[in-house]
Amino acid sequence: MRNRALDRGWTLNEYRLGPAPQTIAGKHRTVAVEIPPISDEAGLYRALGLDFIPPELRESCGEFEAAESGTLPRLIEPEDLRGTFHCHTTASDGHNSLAEMVEAARDLGLEYIGIADHSRSSVQAHGLDESRLKVQRAQIRALNETVTDIRVFSGIECDILRDGSLDFPDETLAELDFVVASIHSTLNLSEAEMTKRVIRAMENPYVTMLAHPTGRLLLKREGYAIEIPAIIDAAARTGTWIELNAAPKRLDLDWRWWPLAKRKGVRCVINPDAHRVARLQDLSFGIGSARKGWLTKDDVVNCLPLNRIEAELKKKRERK
Ligand SMILES: [Zn+2]
Ligand SMILES: [Zn+2]
């Protein structure tokens, strides 16, 4: 920005934008150059021949070139999000009931919410076995009869077992509206084994989305070894969505990977992984992260309205 200002005979620093001092006959002089009136940050960018670069993109990742050529993306905004998936209830390790979670999502203005409690192998999280899952499915069906202004989708956060198989057989998964697959155990495999394990899970036609793909816990635990470009390729090939987990301790998949995922045609899904009603608001962190990853509302599948998301949920199953 400073160099661009100098090219125009201006100086730009932390104090001011003004005429650049010039040396004339050995003396510093300030010569009168015209500086356009600037009232805000966007005006400054404009004066320097650039489209406004949103703060999230200021990472030296090609944003200047894009601003110069008028090709910056129109980044996703909080109000673009129409629904979300991957929320927990007291049926597993959540702190609020199904009805409370649904009501809170509706109060946030969401058109749909996907419930995905843990599966049976996540014993410490009180994971659901098939009979408890069946009860929850019935509860969701009943709730959809009575609740207005929001649709509830019935899913599961299904553990990916050590060999890449899933915690439930296909017949069980087929009864659900969607399946979130994720890893919670045996995190110490080699990168090759872990990558193979996750790809095998994504090849299952019922796995709608891959949750928190590296398992990192910020400031606490590094992600497990996994080859993300291979995961992105497999997601593109199989039609599996990749989650941007919006919990501030995760923000997983990291924003740095999303430009690659987008180029490969992978759909992002922003989920709060909420374990209580208040954490539904973590969605805003997911939006911020998606913006850093150059994502627009067309890249994020849960920006689709209710009347289009249902078909989208079925797409991968119908390919098999
Ligand atoms: Zn999880
Ligand atoms: Zn979860």
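Buried residues, those with 20 or more other C-beta atoms (placed from the backbone) within 10 Å of their own, make up 41% of the 320 residues in the protein. The model is predicted, so that local features need pLDDT of at least 70 and side-chain atom pairs count only at pLDDT 80 or more, while totals for chains, interfaces and linings use all residues. Residues are numbered from 1 along each chain as its sequence is written, and chains are lettered from A, with ligands numbered from 1, in the order in which they are written.

The C-alpha trace spans about 90 × 45 × 35 Å along its principal axes, and the protein has 11 helices and 11 strands, which are DSSP runs (H or I, at least four residues; E, at least two) numbered from the N terminus. Among contacts (C-beta atoms, placed from the backbone, within 7 Å) between residues at least 6 apart in sequence, 69% join residues at least 24 apart.

In helix H11 (residues 306-319), Ile309, Leu313 and Lys316 are buried; the elements below are included in what covers them.

| Element | Residues |
|---|---|
| strand E5 | 83-87 |
| strand E6 | 112-118 |
| strand E8 | 178-182 |
| helix H8 | 228-238 |

The axes of helix H7 (residues 191-202) and H8 come within 10 Å and cross at roughly 15 degrees, which makes H7 roughly parallel to H8, a term for angles under 35 degrees. The contact is made by Thr195, Val198, Ile199 and Met202 of H7 together with Ala230, Ile231, Ala234, Ala235 and Thr238 of H8. By class, this contact of H7 with H8 has 7 nonpolar (Ala, Val, Leu, Ile, Met, Phe, Trp, Tyr, Cys and Pro), 2 polar (the others, Gly among them) and no charged residues (Asp, Glu, Lys and Arg).

How values were computed:
A residue is buried if 20 or more other C-beta atoms lie within 10 Å of its own, exposed if 12 or fewer, and partly exposed in between; C-beta atoms are placed from the backbone. Two residues are in contact if their C-beta atoms, placed from the backbone, lie within 7 Å. Axes are lines fitted to C-alpha atoms, for helices over the stretch in contact, and angles run from 0 to 180 degrees between N-to-C directions. Angles under 35 degrees count as roughly parallel, over 145 as roughly antiparallel, 65 to 115 as roughly perpendicular and the rest as oblique.
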